[in-house]
Amino acid sequence: MARFLPWQEDIARDWLRQRERFAHAWLIHGLAGIGKLQFAAAAAASLLCESPREGLACGACHACTWVAAGNHPDLRRVRPEAVALEEGAEAAAEAGEEGGEPAAGGSAKRAPSKEIRIDQLRALESWFNTATHRGGWRVALIYPAQAMNVVSANALLKVLEEPPPHTIFLLVADAPDRLLPTLLSRCRRLPLPTPAPAEAREWLRTQGLEDAEDWLAAAGGAPLGALRLAQSGDAACPAWLEQLLLPLSSGKGSDVGMLADQLEKLPAAQWIDALQRLYVDLMLAGAGAAPRYFPSLAEPVARTAARAAPAKLAETARWLTRQRGLAGHPLNAKLFAHAALQRVVLSCLA
């Protein structure tokens with residue numbers, strides 16, 4: 001069963017003390033990778049708990065046992081099929097069932113949806129119209145909320161205009177500004193802060209992560225993001241990024257072809273994200289500030305920023321943001337990487 005992370009416990013206790021006067025919909029938001037989903041899942045368990053301790057789930061009652069087993073009748077998770085697939089085969093099957101009818105003939109395969117579809121919300125109607133299992137709350141956990149398209153967001157809006165009794169909606173989002181303003185107006189906001197660096201580093205060490213400080217910097221201070229990065233890579237600062245930057249810091253061009261061969265083997269979203277973080281550091285260095293993401297590259301970042309035109313760096317950073325939207329498309333991976341690296345090199349050379 002999900003538990004609150006150490007930096008969340010005091011916030012959760014203060015918040016859950018209001019449970020008798022709770023708003024029917026809460027938007028839980030904050031920096032990606034700080035544990036918002038874990039907070040929301042632990043909050044759902046606490047709201048359903050029959051013997052809460054200081055407002056938090058006891059972990060021992062029948063309700064907590066059902067939540068831990070993933071079969072509490074008064075808890076529903078609404079998320080894209082692609083997210084459910086990452087959570088496990090059973091979760092993916094559940095999301096598919098909530099999502100509506102299978103493809104015609106039952107044999108056609110389609111890619112898992114990355115959106116929360118209107119069918120998933122319609123599937124909750126019968127759940128709303130039945131009594132709660134033990135006379136307490138029912139909780140709908142919706143994540144990531146920005147995955148709702150306009151149609152599904154409007155469907156949720158209609159539900160929130162006349163909310164079903166004894167029902168609490170917990171929406172989790174990295175970017176509240178990507179939600180419909182009318183939907184935002186129906187939710188109370190609960191912003192979660194980024195934990196203090198010392199607390200985040202200590203937690204990462206308890207997870208067995210070495211070089212916690214470097215990984216935390218690479219994730220922008222988000223401890224769960226740092227843990228995910230560490231599990232997906234072999235260094236907080238990728239070797240290919242250092243190979244790209246060192247020649248540029250001396251005013252020389254990098255071997256774009258060799259680097260493209262390396263990036264071809266990586267998911268495009270992964271290396272674009274690293275380049276975006278590099279450009280934040282370059283622009284910070286250009287303004288005389290310390291790097292945020294790659295402190296181990298502070299010297300070459302500073303030398304490169306001193307040589308580059310700030311306008312070129314800013315324009316390339318915006319260009320990389322646009323390329324992020326293409327990361328999931330079936331492009332030629334090597335050509336895509338080559339074009340991006342070439343753009344980076346040109347922006348860093350005077």
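**Entry 1: what I am looking at**

I am working from a predicted model. I keep that in mind for everything below.

**Entry 2: helix α13**

I began with α13, which covers residues 239-249. Which of its residues are buried? I found W240, L241, L244, L245, L248 and S249. Next I looked down the helix axis, and the buried residues of α13 fall within an arc of 160°, so they line one face of the helix.

Then I asked what covers the buried residues of α13. The cover includes α14 (256-263), α15 (268-286), α16 (298-307) and α18 (333-348). I also checked what comes after the helix: α13 is followed by G251, which has a positive phi, near 80°.

**Entry 3: helix α10**

I repeated the exercise on α10, residues 197-206. Here A200, W203 and L204 are buried. Down the axis of α10 these buried residues fall within an arc of 100°, so they line one face of the helix. As for what lies over them, the cover includes α11 (212-218) and α12 (223-232). After α10 comes G208, and its phi is positive, near 80°.

**Entry 4: S347**

I picked out S347, which sits in helix α18. Is S347 buried or exposed? With a relative accessible area of 4%, S347 counts as buried, because buried means under 20%. Where does its side chain reach? It gets to the backbone oxygen of V344, at 2.8 Å. Leaving aside residues up to four places away in sequence, I see S347 touching Y279, A308, K312, L313 and T316.

How many salt bridges does a search of the whole structure find? The search gives 16. I went through a few of them.

One is between E9 and R13, where the closest N and O atoms are 3.9 Å apart. I noted that a salt bridge here needs such a pair within 4 Å. E9 and R13 are four residues apart in helix α1 (residues 9-16), so about one helical turn separates them. E9 is partly exposed at 30% relative accessibility, whereas R13 is buried at 19%.

**Entry 5: two more pairs**

R17 and D14 meet through their side chains in a salt bridge, 2.6 Å from N to O. I looked up how accessible each partner is. R17 is exposed, with 58% relative accessibility, and D14 is partly exposed at 45%.

Last, I turned to D174 and K36, whose side chains form a salt bridge at 2.6 Å, N to O. D174 is in the loop between β4 (167-173) and α9 (181-184), while K36 is in helix α2 (residues 36-48), so the pair ties together parts that are 138 residues apart in sequence. Their accessibility went into my notes too: D174 is partly exposed at 39%, and K36 is buried at 5%.

How values were computed. Residues numbered from 1 in each chain as written. Predicted model: local features only at pLDDT ≥ 70, side-chain atom pairs only at ≥ 80, totals over all residues. Heavy atoms only, no water. Buried < 20%, exposed > 50% of the residue type's maximum accessible area, 1.4 Å probe, protein only. Helix = DSSP H or I, 4+ residues; strand = E, 2+ residues; numbered from the N terminus. Arc of directions from axis to C-beta. Contact = heavy atoms within 4.5 Å. Polar contact = N/O pair within 3.5 Å; in protein donor to acceptor, adjacent residues only side chain to side chain.
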